[in-house]
Amino acid sequence: MAGAVAATAMGAMAAVNVIPLPNKVVEGDGALAFANPGAVAAAVTEADDASIPAEGYRLTVSDAGIRIAAADAAGRFYARQTLRQLTTPDGKGVSVPFVTIEDAPRFKWRGLHFDDCRHFFGKETLKKTLDAMAYHKLNVLHWHLTEDQGWRIEIKKYPELTVKGAVRPGSPKPKVLVRPGEPSERGWVNNHIPYGPYFYTQDDVREIVAYAAERHITIVPEIELPGHALAALAAYPELGCTGETFEPWWRWGVSEHIFCGGSDRTIRFLEDVLDEVCALFPSSIVHIGGDEAPKKMWKQCPKCQARIKALGLDGEEGLQGWMTRHFTEYLAKKGRRTIGWDEVLDGNPGTGTVIMSWRGPQGGIQAAARGHDVVMCPIDPCYIDNPQGLKDDPYEYINYGFNATLERCYGFDPAAGIPEGQHSHVLGGQGNNWSEYTWSGSEYEWKMWPRMSALAECLWTDRANKSWASFRARIPAVRTALIRQFRMNAAPIE
Ligand SMILES: [Zn+2]
């Protein structure tokens with residue numbers, strides 16, 4: 001083995017200081033030494049082995065060298081991520097401990113939700129995030145692109161979306177702490193500073209999608225409908241029920257002005273948008289939102305009421321159900337599945353629609369029982385914009401009544417409460433990093449890490465192999481790598 005020499009025995013620290021923890025590890029006695037991490041990567045011998053599960057790999061480090069076997073490119077990639085984490089500084093060079101690892105993920109959807117709407121973070125933060133996700137074997141970035149507060153993706157057929165829809169007249173001032181029991185509105189004091197225009201051009205989107213694909217990450221775009229639509233209505237008022245003009249919202253919350261479900265023009269607009277979205281994103285699943293859609297305007301709208309009557313729908317909820325089914329069928333013709341927030345279950349969508357359970361686990365439990373595939377991200381503990389319970393947190397502005405601590409995140413199990421026989425419906429889970437109370441990319445990263453490291457292990461490592469004590473011992477080194485190798489901000493570990 002050129003360039004490799006036997007190294008001293010490992011110290012007290014576990015040799016396999018890897019997150020997410022591989023599922024089967026046999027530690028050897030010894031290590032290989034190299035001049036630098038590039039020499040480690042160059043020394044790898046790769047082989048195909050069709051018997052290894054999808055995304056899985058076998059990694060052997062011994063005095064015979066470094067060998068990787070996998071059935072697919074993702075498996076080879078993940079083996080190299082494990083190798084990267086196993087490589088530690090040693091004297092003037094680096095060393096890799098002797099080990100045999102056989103590994104494959106528990107879930108196939110290992111996600112992070114990225115909200116570029118309330119605040120906009122841009123390509124550099126996104127790329128850093130994709131790098132750090134790959135390091136953790138996370139493979140889905142759910143990209144929240146449309147909101148009441150901003151429309152962030154260029155749509156060629158509707159240019160006003162990113163002219164009028166991508167800039168808002170102000171934002172809530174930061175650093176107004178809202179204490180438990182106080183309404184969140186208490187923190188909404190307008191700074192009157194125009195925000196934007198901020199959006200991604202179609203070239204930007206293609207660049208990000210390609211960057212993610214190189215890291216075996218699928219980007220699932222989200223176009224919210226029928227709610228959280230005020231930025232679109234600001235650009236094209238005729239898409240709403242009343243036709244009145246708006247500006248994108250400066251404050252947070254849920255607007256009662258939503259897309260008109262009775263207007264054929266609005267339906268056509270959304271189809272056109274989804275056409276361009278499908279051309280940009282190869283993802284087999286497209287998110288169509290569906291959460292927090294107040295029906296006040298639909299109750300008063302002649303067009304909405306006419307559609308309910310003509311189709312014999314069960315009121316306004318039935319109309320939202322019709323929209324979910326309509327766009328599910330529309331996207332199915334393009335070979336795509338839809339995913340929606342758990343509210344879409346109220347409209348009885350077909351089982352082809354994947355349900356994203358956010359209000360708690362119960363939406364996902366119910367959906368799996370009804371035959372839907374589900375992605376679990378219950379607000380507790382997967383909403384990592386929640387305070388993390390640090391003694392002194394410079395970025396805590398609002399208290400939701402509980403802390404999503406690192407340990408609480410580590411306790412997440414996407415399959416909890418779902419009967420064994422329905423586990424095949426659990427695609428996986430994700431951490432959701434909303435950005436209302438996050439004013440900069442640096443703050444956004446602070447909330448993401450190291451809690452996403454904990455969630456990554458929940459999504460990859462089998463339950464029986466997980467241990468908080470072990471994770472707690474491994475996380476400091478990974479946090480240091482996030483800061484040094486990925487230029488990430490990361491919260492301290494207390
Ligand atoms: Zn309407």
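Q: Into which domains is the protein chain divided?
A: In this predicted model, the protein chain is divided into domain 1, residues 24-103, and domain 2, residues 109-486.

Q: How many residues does the contact take from each domain?
A: Four residues come from domain 1 and four residues from domain 2.

Q: And what classes of residue are on the side of domain 1 that touches domain 2?
A: That side of domain 1 has three nonpolar residues, one polar residue and no charged residues.

Q: What separates the centres of the two domains?
A: Taken over C-alpha atoms, the centres of domain 1 and domain 2 are 35 Å apart.

Q: Turning to helices, how do the axes of α3 and α4 cross?
A: Helix α3 (residues 122-135) and helix α4 (residues 202-214) have axes that come within 10 Å and cross at roughly 15°. An angle under 35 degrees counts as roughly parallel, and α3 and α4 are therefore roughly parallel to each other.

Q: Is that crossing left-handed or right-handed?
A: The crossing of α3 and α4 is right-handed.

Q: Which residues meet there?
A: From α3, K123, L126, K127 and L130 meet D204, I208, Y211 and A212 of α4. By class, this contact of α3 with α4 comprises five nonpolar and three charged residues, with no polar ones.

Q: How far apart are S442 and D275?
A: S442 and D275 are 167 residues apart in sequence and, C-alpha to C-alpha, 34 Å apart in space.

Note on methods:
Residues numbered from 1 in each chain as written. Predicted model: local features only at pLDDT ≥ 70, side-chain atom pairs only at ≥ 80, totals over all residues. Domains from an automatic or database assignment. Contact = placed C-beta atoms within 7 Å. Nonpolar A, V, L, I, M, F, W, Y, C, P; charged D, E, K, R; others polar. Axes fitted to C-alpha atoms, helices over the stretch in contact; angles between N-to-C directions. Helix = DSSP H or I, 4+ residues; strand = E, 2+ residues; numbered from the N terminus. Parallel < 35°, antiparallel > 145°, perpendicular 65-115°, else oblique. Left-handed = near helix turned anticlockwise from the far one by under 90°.
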